[in-house]
Amino acid sequence: MNSSTRFDSLNDAFSKNIITFTLCLTINVINGTFVYIYFNSEVFKRDPRYVLYIHLVINDMIMLTVSVALQIMTYTISLSFTPCCIILLILVMTNKNSPLNLAGMAVERYIAVCQPLHHAQLCTVQRAYGLIALIWGVSFIPSFADMVIVFATQPLSVYTQTVYCYTAYLYNTPYHKTQSVVVQTLLFSFVALTLIITYLKVVCAARAVSGSKKASARNARNTILLHGIQLLICMMSFISPLINLILITSWPHRRTSIIFTTFLFTNVLPRLLSPLIYGARDKKFSSHIRLYFSCKLFGSAERKTRELGPVPECDGKGRRRPEVRMDDPACCSVCQAAGPGAGPGPGPAACLSRPKTESCRSIMG
């Protein structure tokens with residue numbers, strides 16, 4: 001992507017930077033909402049499933065922010081060799097973290113469905129943090145090896161020169177190509193086999209159980225299947241140079257547009273998959289998000305009606321108590337948003353015993 005800046009006009013460069021910056025900001029705001037909800041809800045911090053999930057979201061945010069910042073910098077400033085190596089180190093590590101994190105999440109779902117009696121002992125928050133540290137360590141080794149090869153093969157004068165901060169341009173020795181093929185093959189094979197095996201095991205378990213356990217197994221199976229789709233899209237970033245080569249050979253006059261489009265579809269837009277897969281499907285997360293926004297709306301309504309007296313409480317069914325003033329629009333907004341069976345956190349039962357301001361504080365920190 002970065003090497004195409006020489007062929008872009010000023011209008012094209014401005015348009016591309018605006019598009020990528022807007023997408024980056026939008027995706028990070030969505031992902032940031034999930035991160036905020038996670039760190040303000042103890043129920044998520046105690047579940048290793050959500051620990052791994054929020055790590056995936058934060059990893060995607062880092063990768064997206066750095067990659068878009070690198071694209072903007074290549075249009076605006078000249079980068080020297082050393083800063084470029086540091087930026088590429090972060091990008092390569094976060095790029096490898098995503099599929100490894102998906103494999104860990106798939107294994108956790110497999111244990112929850114197929115080994116439910118051992119899930120509490122095997123899948124703990126401490127082990128989830130240990131797995132995250134292992135993922136970063138595994139990703140760091142080949143990324144650091146790329147830098148060592150560069151330092152060993154390039155003359156000292158290159159460290160003070162400006163470079164096109166692009167992986168294929170900087171890591172262009174035969175050693176880099178061999179290492180890249182080996183690492184990507186092993187990484188893809190390991191993660192793909194993990195997803196396939198856990199998916200088949202969960203499918204077999206879903207056929208053997210019934211009732212609520214069958215529904216849980218079906219949800220786990222669908223989640224692992226979505227992880228597989230997510231893995232394929234993540235691996236597209238590894239083959240994007242090949243995609244660019246094929247398309248540019250066919251349409252050489254569209255070179256910059258092709259490179260920009262593949263960058264969007266292989267590096268930017270896939271960062272939306274994590275909130276869509278979990279945020280839209282996970283009832284616990286979606287209920288907390290609805291409650292958070294309802295509390296936000298309630299807070300503004302409370303300020304407008306503060307002169308009417310204390311904030312009223314609900315009767316547990318989303319209705320005003322008889323003694324509550326009927327002209328108070330803030331009444332029961334939290335209870336109505338939470339609804340019955342909304343999961344952990346403040347709901348209709350909480351409104352019976354405490355003011356709604358206290359309910360909102362528990363979810364909003």
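Buried means under 20% relative accessible area, exposed means over 50%, and partly exposed is what lies in between, using a 1.4 Å probe and protein chains only. Keep that scale at hand for this tour.

The model is predicted, so local features need pLDDT of at least 70 and side-chain atom pairs count only at pLDDT 80 or more, while totals for chains, interfaces and linings use all residues. Residues are numbered from 1 along each chain as its sequence is written, and side-chain values use heavy atoms, with hydrogens and water left out.

**The whole chain**

Start with a cartoon view. The protein chain has 16 helices and two strands; these are DSSP runs numbered from the N terminus, with helices (H or I) of at least four residues and strands (E) of at least two. Of its 365 residues, 47% count as buried. Contact here means heavy atoms within 4.5 Å. Among contacts between residues at least 6 apart in sequence, 76% join residues at least 24 apart.

**Tyrosine 38 and the core**

Now select tyrosine 38. With a relative accessible area of 3%, tyrosine 38 is buried. Show phenylalanine 39 beside it: the two ring centres are 4.9 Å apart and the planes stand at 85°, so this pair is edge-to-face. Rings of Phe, Tyr and Trp (its six-membered ring) pair if their centres lie within 6.5 Å; planes under 30 degrees apart count as stacked, over 60 as edge-to-face and the rest as tilted. Phenylalanine 39 is partly exposed, at 45% relative accessible area. The whole structure holds five aromatic pairs.

Which residues touch the most other members of the largest nonpolar core? They are Tyr38, Phe44, Tyr53, Val191, Leu231 and Phe285, in a core of 36 residues. A nonpolar core is a set of buried Ala, Val, Leu, Ile, Met, Phe, Trp, Tyr and Cys residues joined through side-chain atoms within 4.5 Å. Elements that give two or more residues to this core include helix H1 (10-39), helix H3 (48-76) and helix H8 (174-208). H3 supplies the largest share, seven residues. Apart from this core lies another, of 20 residues, among them Val66, Leu70, Leu88 and Cys165.

Zoom in on valine 191 next. Leaving aside neighbours within four places in sequence, valine 191 is in contact with Pro99, Leu100, Ala103 and Leu231.

**Three salt bridges**

Switch to charged side chains. The structure holds three salt bridges, each a side-chain nitrogen of Lys or Arg within 4 Å of a carboxyl oxygen of Asp or Glu.

- Select aspartate 60 and arginine 271, whose side chains meet at 3.3 Å, N to O. Aspartate 60 lies in helix H3 and arginine 271 in the loop between helix H11 (255-268) and helix H12 (273-279), so the pair ties together parts that are 211 residues apart in sequence. Aspartate 60 is buried at 2% relative accessible area, and arginine 271 is buried at 2%.
- Select lysine 45 and glutamate 42, which meet at 3.7 Å, N to O. They sit three residues apart in helix H2, about one helical turn. Lysine 45 is partly exposed at 25% relative accessibility, and glutamate 42 is partly exposed at 47%.
- Select arginine 109 and glutamate 108, where the closest N and O atoms are 2.9 Å apart. Arginine 109 is buried at 12%, and glutamate 108 is buried at 4%.

Is histidine 119 buried or exposed? At 17% relative accessibility, histidine 119 counts as buried. Its contacts beyond four places in sequence are Glu108, Arg109, Ile111 and Ala112.

**Out to the surface**

Finish with isoleucine 141, in helix H6 (residues 125-153). Isoleucine 141 counts as exposed, at 57% relative accessibility. Phe140, Ile141, Phe144 and Val148 form a nonpolar surface patch with about 360 Å² of accessible area together. Patches are made of residues with over 30% relative accessible area and no salt bridge, like charges being joined within 9 Å and nonpolar side chains (Val, Leu, Ile, Met, Phe, Trp, Tyr) within 5 Å.

Methods
Accessible areas come from the Shrake-Rupley method with a 1.4 Å probe; for residues, only the protein chains shown count as cover.
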